[in-house]
Amino acid sequence: MDPIYVTGHRNPDTDSIVAAMAYAALRNAVGDREYEAACLGHVSDETQIVLNRFGFQPPKRIHNMFTQVQDLDFDTPPLLSAAVTVGRGWKILQGQKNISAVPVANDDGTLYGMLSRENVASYNMEAVNNAMLQPVPLFNVLSVLEGKLLNDAGENTDTISGEVTIALPQEQENLLFNSADTIVICGHQPDMIRRALEMNVSCLVLCQSELSEELRALPTTTCIIATPYDAYRAARLIFQSVSIDTICRTEDIVCFHLEDRVDEVREKVLKFRDPCYPILDAEEKVVGVLTRYHLLRPRRKRVVLVDHNEIAQSVPGLEEADILEIIDHHRLADIQTNNPIYVRNEPVGSTNTIIASMFQDRGLM
């Protein structure tokens, strides 16, 4: 639950500071735990002497009541490491139905880029036309294929790359693989397996098939992987083994910070029209993502005014906040509210006189 700030006027005197603290304590004592005392300016020496006398710390200082990004119900999807595979990134995207992109973060939590469904779709379409797999860690390939290594050469392999080829009947010579820089995908095809191992292709992927002891014993530098998937699916999945840092957007990313005002954010969103924006904290670490939907009904800060009821004396941005109550002993001034509120205004010497009577009304010390 967001706090309800109880605050006095700018340049606060002792009555203003103590009234805020006393009324927050009153509401907390009757079970309303979200009330929090605040002040708008420097605590004077006189007020500090009073606080020290009774063993209290000054209330939290606030600077404005503007509606900020931190007041929005923004989404907080999982942060992706730049080393995560495209396959894993796609699964995360599929689980985030409300947003079209998720943040990609560096090891320290700062922003690296944004991965969108469009990025994944574009990469998949390019893979259809270009069957060349760029160097990827062997672990990534094993992960997406749910595969296991079948020979010692695989244990000594760090990365694999090459043109991805599904092995065809050997009679079709023009359709055979002819380069060692090839990733061969095949099933139970002993002749094709032998050819691949003799050519020392980059990688051999066996789909739903066993490797005979004779072929296993052939001297080769080819990494052999067994997968439970069929050849068609393996050929598609292997391209998802690349890390997302190769396909995610890393340039010209519009970011917002938790302290940014919502009205300023709204103007930028109208200007750039991106579907999704990363949100950063004061240390530039990613804390969530923002979409246009989040700007429709922002949560307004809530405040109780004590010892004043004039806009000029109150916190900047008060017009963007919800005023819940006013407790004061001054003349009524110019503050307007969106809804009916509780107001207690009495012609007494201090606001604390009023609050003391409110304690007594409830039988509290």
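Accessible areas here come from the Shrake-Rupley method with a 1.4 Å probe, and for residues, only the protein chains shown count as cover. With that in hand, hello everyone: the accessible surface of our protein chain comes to about 19400 Å², and carbon and sulfur atoms own 49% of that.

Some ground rules. What you see is a predicted model, where local features need pLDDT of at least 70, side-chain atom pairs count only at pLDDT 80 or more, and totals for chains, interfaces and linings use all residues. Residues are numbered from 1 along each chain as its sequence is written, and side-chain values use heavy atoms, with hydrogens and water left out.

Let's start with the overall build. The protein chain has eleven helices and 18 strands; these are DSSP runs numbered from the N terminus, with helices being H or I of at least four residues and strands E of at least two. Its radius of gyration is 33 Å, well over the 21 Å that the globule rule gives for 365 residues, so the chain is more spread out than a compact globule. For that comparison, the radius is taken over C-alpha atoms, and the rule is 2.2 Å times the number of residues to the power 0.38. Along the principal axes, the C-alpha atoms fill a box of roughly 105 × 40 × 30 Å.

How much of the protein chain counts as buried? For the 365 residues, the figure is 48%, where buried means under 20% relative accessible area, exposed means over 50%, and partly exposed is in between (1.4 Å probe, protein chains only). Among contacts with a separation of 6 or more, 55% come from residues 24 or more positions apart, a contact being heavy atoms within 4.5 Å.

A word on charges. There are 32 positive and 51 negative ones, and their mean positions are 6 Å apart. Lys and Arg count as positive, Asp and Glu as negative, with His and the chain ends not counted; each charge is placed at NZ of Lys, CZ of Arg, CG of Asp or CD of Glu.

Now to the sheets. Strands of a sheet pair through backbone hydrogen bonds, either parallel or antiparallel. Here, two strands pair if DSSP finds at least two bridges between them.

β7 runs antiparallel to β9 (residues 159–166), joined by four bridges, and M132 stands opposite E163 in β9.

Another open sheet has three strands, β4-β5-β6, again with mixed pairing. Its edge strands are β4 (80–81) and β6 (111–116). Two bridges join β4 to β5 (residues 101–105), and these two run parallel; L80 faces V104 in β5.

Finally, some loop residues. Most residues other than glycine have a negative phi. E146, in the loop between α5 (138–145) and β8, has a positive phi near 50 degrees. D307, in the loop between β16 (302–306) and β17 (322–328), has a positive phi near 65 degrees. Buried or exposed, where do E146 and D307 fall? E146 is exposed at 54% relative accessibility, whereas D307 is buried at 1%.

Last stop: R273 sits in the loop between α10 (262–272) and β14 (277–280) and is exposed at 60%. R273 and T291 are 18 residues apart in sequence and 9.8 Å apart in space, C-alpha to C-alpha.
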